[in-house]
Amino acid sequence: MSAGPVGVGFIGTGMISDTYLENLTSFPDIRVVILGDIDTARAAAQAATHGVAESGTPEQVLAHPDVEIVVNLTIPAAHVPVSLAAIAAGKHVWSEKPIGIDRDAARELLAAADAAGLRVGIAPDTVLGPGLQTARRAIARGDIGTPLSAQTAMQYIGPDVFHPNPDFLFARGAGPVIDMGPYYVTALVNVLGAVASVAAVGLRGREVRTVQVGDRAGAEFPVEVPTLVQAIARFEQGATSQSVFSFDSPLGRTGLVEITGTEGTMVIPDPNTFGGEVRITPVPTLAGMRSEPEWRTVPRVGVEAGRGLGVLDMARAIRGGLPHIATGELGYHVFDTLMAIEESVGSGRFVDVESTVGEIPLVPEDRDPFEATL
């Protein structure tokens with residue numbers, strides 16, 4: 001078994017690569033070897049910005065002998081093809097969410113990795129941060145009793161107000177459900193377990209959107225997916241949830257995750273972040289029902305870092321021969337759930353979620369991403 005830092009190569013160096021690179025280049029157990037993109041000039045610019053020695057094409061990343069994990073930051077439609085290419089090249093792969101844009105291709109990816117003895121990890125890795133890990137430990141202690149239900153909200157006017165190339169975020173494989181839903185559903189699955197079935201209604205606020213910033217400002221593009229969806233879910237362990245996913249709301253309201261139990265309600269930090277406070281309000285007395293709720297903050301557990309924690313967890317697990325946490329199976333179950341939500345929008349009925357996932361391990365309390373362990 002190899003020793004020392006794990007070599008990582010990137011395929012895709014767009015907007016999201018900055019935060020990955022800022023973190024992965026600061027973790028002692030990771031060595032970012034090469035950045036690749038079909039736009040080689042962009043890859044070179046990112047390499048220069050973040051102090052990475054090599055850059056080039058995706059093919060050069062796949063062929064590099066020092067790359068053990070490929071970080072796949074391409075657009076959703078390219079996730080499975082790029083991940084399959086990494087597996088074929090003998091590399092483990094960490095992919096941005098979603099795992100793919102259709103179930104058959106995603107299952108093919110997991111089967112190929114299993115046959116090759118390689119690992120697949122799927123974002124989001126925000127659930128590895130202190131925010132959700134603190135919440136999970138509090139629920140396991142019984143701080144809110146038995147979890148009964150959850151509600152989440154992710155609504156704002158849409159990414160076309162800030163993204164210079166927002167077309168793909170309104171195309172098949174994206175939209176508010178598939179693009180932002182993974183943060184919320186992954187958090188719920190970590191807390192409440194696997195999803196059994198869903199029902200949803202939705203619509204498109206506009207059939208055509210307009211790029212508002214950058215060189216393409218003023219250009220129009222079609223909307224291919226629902227941009228306002230309200231969903232409910234039933235979980236295998238008995239709890240339920242209700243969620244709003246919207247790119248059509250002038251009133252922004254994001255990051256809401258509330259878990260209600262028999263003994264209190266917990267507010268979990270924004271699942272698109274790694275830290276934040278976990279707060280609990282208990283069942284009120286009769287007098288308390290007439291006043292503002294009383295809140296207590298749960299002491300936070302863990303070291304806060306950022307995107308790339310999932311890659312780091314995979315790297316350490318590879319070296320140690322242990323399971324990693326944000327697995328391809330978890331990523332597939334979340335994607336399967338989100339696809340079922342979209343199918344329910346179209347059919348107007350409950351849709352069973354075919355996949356499942358087992359209990360998700362906790363991050364060890366003493367884990368420090370900035371410690372050299374390999």
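Helices (H or I, at least four residues) and strands (E, at least two) are DSSP runs, numbered from the N terminus. Leu309 lies in helix H8 (residues 309-320). This is a predicted model, in which local features need pLDDT of at least 70 and side-chain atom pairs count only at pLDDT 80 or more, while totals for chains, interfaces and linings use all residues. Residues are numbered from 1 along each chain as its sequence is written, and side-chain values use heavy atoms, with hydrogens and water left out.

**Two buried residues**

Buried means under 20% relative accessible area, exposed over 50%, and partly exposed in between (1.4 Å probe, protein chains only). Contact means heavy atoms within 4.5 Å. The contacts in the table leave aside neighbours within four places in sequence.

| Residue | Helix | Relative accessible area | Contacts |
|---|---|---|---|
| Arg137 | H6 | 11% | Val301, Leu362, Val363, Pro364, Glu365 |
| Leu309 | H8 | 9% | Phe27, Asp125, Leu128, Gly129, Phe274, Pro369 |

Both count as buried. Leu309 and Leu128 are 181 residues apart in sequence, but their C-alpha atoms are 6.9 Å apart in space.

**The sheet**

Two strands pair if DSSP finds at least two bridges between them. Nine strands form an open sheet with mixed pairing, in the order S16-S15-S14-S13-S7-S12-S11-S8-S17. Its edge strands, S16 (296-297) and S17 (351-352), each pair on one side only. Helix H6 (residues 130-141) packs on the sheet and touches strands S7 (147-155), S13 (253-261) and S14 (264-268); the direction of H6 makes about 165° with that of S14. Such angles run from 0 to 180 degrees between N-to-C directions, with axes fitted to C-alpha atoms, for helices over the stretch in contact. Helix H9 (residues 328-347) lies across S8 (195-203), S11, S12 and S17, at about 45° to S8. Strands S11 (residues 228-235) and S12 (residues 240-246) are antiparallel partners over seven bridges, with Val229 opposite Phe245 in S12.

**The nonpolar core**

A nonpolar core is a set of buried Ala, Val, Leu, Ile, Met, Phe, Trp, Tyr and Cys residues joined through side-chain atoms within 4.5 Å. The largest has 104 residues, and Phe10 and Ile259 touch the most other members. Helix H7 (residues 175-192) gives the most to this core, with 11 residues. Beyond neighbours within four places in sequence, the contacts of Ile259 include Ile139, Pro147, Leu188 and Met266.
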